[in-house]
Amino acid sequence: MNLATGQGSTTHSGAEFYCEGLGFAYGSKFIFKDVSLEAFRDELIAVIGPTGTGKSTLLRALAHLIPPTAGHVFLEGKEVTRPSPAIALIHQSIATFPWMTALDNVRLALICKGVTNDEATQTSEKMLDLVGLKGEETDYPKEMSGGMRQRIAIARALAATPAVLLMDEPFVHLDELTADILRKEIYSLVFNPETSLKAAILISHNLHEVIQLADRVYVMKGSPAVITDEIKIELPRPRTERDPRFLDYLDRLFSELSLNPLKV
């Protein structure tokens, strides 16, 4: 298959979540087009590219929070045509409601689904425990660090029992130490047997983070942006930057992004 054009046979055999020929335009101007990617079970994929290539817009189109101009999105073989609780999105900004406790912030995702109060409380407590916030249920966001607030956002996303988690630079507003701690935890956290997740997609400008977390990486660039390469990260977990192979992948990703941009 030609990854840049999306042409060729695309059976997506075994993929939990995928898109074909996805494009988004403002008026007649396409931001990205012909994007085809796939995520398999228990797989975290990353999408990288220069600023302005529409990576965050791509996530929103995948979740149908904005309707794509072209192409199709599929979850477990069924086309996604509207926003669904099966696809959760964690934003760049740390999105918590300051007037709600940690528990109520997480409960909100379940109350909106019509879950009973008792079940919502039980599930929310379980998710807060899963992200390391047991004992903090009655605290308010203003009493918590940025890392703890982001854990609330992750717990809220997981509480809604999504099949796919979309993450738009989830650690960008955290200090490096806190971000590093969460990076080391996030893979085992999202694919914990106690969660419903089957696949995850990460957008990040931090290439160290991408190599640490991703199973595969899609490179997106050009104007309009297209997928120009797909790189499998074959490193054992947990990953360390002391591994010479880690640095080899880092050099390759930097090289991919520094090549002349495409004009399509």
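**View 1. Pro 224 sits in the loop between β9 (216-222) and β10 (225-232).** Strands here are DSSP runs of E with at least two residues, helices are runs of H or I with at least four, and both are numbered from the N terminus. The peptide bond from Ser 223 to Pro 224 is cis, with omega near -5°. The model is predicted: local features need pLDDT of at least 70, side-chain atom pairs count only at pLDDT 80 or more, and totals for chains, interfaces and linings use all residues. Residues are numbered from 1 along each chain as its sequence is written, and side-chain values use heavy atoms, with hydrogens and water left out.

**View 2. A cis peptide bond joins Arg 237 and Pro 238.** Its omega is about 0°. Pro 238 belongs to the loop between β10 and α7 (244-258). Most residues other than glycine have a negative phi, and most peptide bonds are trans.

**View 3. Asp 42 has a positive phi of about 55° although it is not a glycine.** The loop that holds Asp 42 runs between β2 (29-40) and β3 (43-48). Asp 42 is partly exposed, with a relative accessible area of 40%. On this scale, buried means under 20% relative accessible area, exposed means over 50%, and partly exposed is in between (1.4 Å probe, protein chains only).

**View 4. Helix α4 (residues 146-159) is mostly covered.** The helix has 14 residues and reaches 20 Å from its first C-alpha to its last. That is close to the 20 Å expected at 1.5 Å a residue; the expected span is 1.5 Å times one less than the number of residues. Eleven of the 14 residues are buried, among them Gly 147, Gln 150, Ile 152 and Arg 156. The buried residues of α4 pack against β6, α2, α3 (117-130), β7 (164-168) and α5 (176-190). Contact means heavy atoms within 4.5 Å.

View 5. Thr 161 is not a glycine. Its place is the loop between α4 and β7. At 46% relative accessibility, Thr 161 counts as partly exposed.

**View 6. Thr 101 lies in the loop between β6 (87-90) and α2 (102-111).** Thr 101 is buried, at a relative accessible area of 12%. Its side chain reaches the backbone nitrogen of Asp 104 at 3.1 Å. A polar contact is a pair of N or O atoms within 3.5 Å; within protein, one must be able to donate a hydrogen and the other to accept it, and residues adjacent in sequence count only if both atoms are side-chain atoms. Leaving aside neighbours within four places in sequence, Thr 101 is in contact with Glu 137, Thr 138, Asp 139 and Tyr 140.

**View 7. Asn 105 is a buried residue of helix α2.** Its relative accessible area is 0%. Neighbours within four places in sequence aside, Asn 105 is in contact with Thr 96, Phe 97, Met 100, Pro 141, Ile 152 and Arg 156. Ile 152 and Arg 156 are buried residues of α4.

**View 8. The largest pocket has a volume of about 510 Å³.** On a 1 Å grid over the protein atoms alone, a pocket is an open set of points where a 1.4 Å probe fits, with protein on both sides within 12 Å along at least five of seven lines; lining residues have an atom within 4 Å of a point. Grid points are joined across faces, edges and corners, and a volume is the space filled by probe spheres set on the points. Of the 21 lining residues, Ala 88, Leu 89, Ala 109, Arg 156 and Ala 157 lie nearest the centre. β6, α2 and α4 each supply at least two residues of the lining. By class, the lining has 15 nonpolar, four polar and two charged residues. Ala, Val, Leu, Ile, Met, Phe, Trp, Tyr, Cys and Pro count as nonpolar, Asp, Glu, Lys and Arg as charged, and the others, Gly among them, as polar.

**View 9. The second largest pocket holds about 330 Å³ of space.** It is lined by 17 residues, and Arg 183, Lys 184, Gln 212, Pro 238 and Arg 239 are the closest to its centre. α5 and α6 (207-213) each supply at least two lining residues. The largest share, six residues, comes from α5. The lining has four nonpolar, five polar and eight charged residues.
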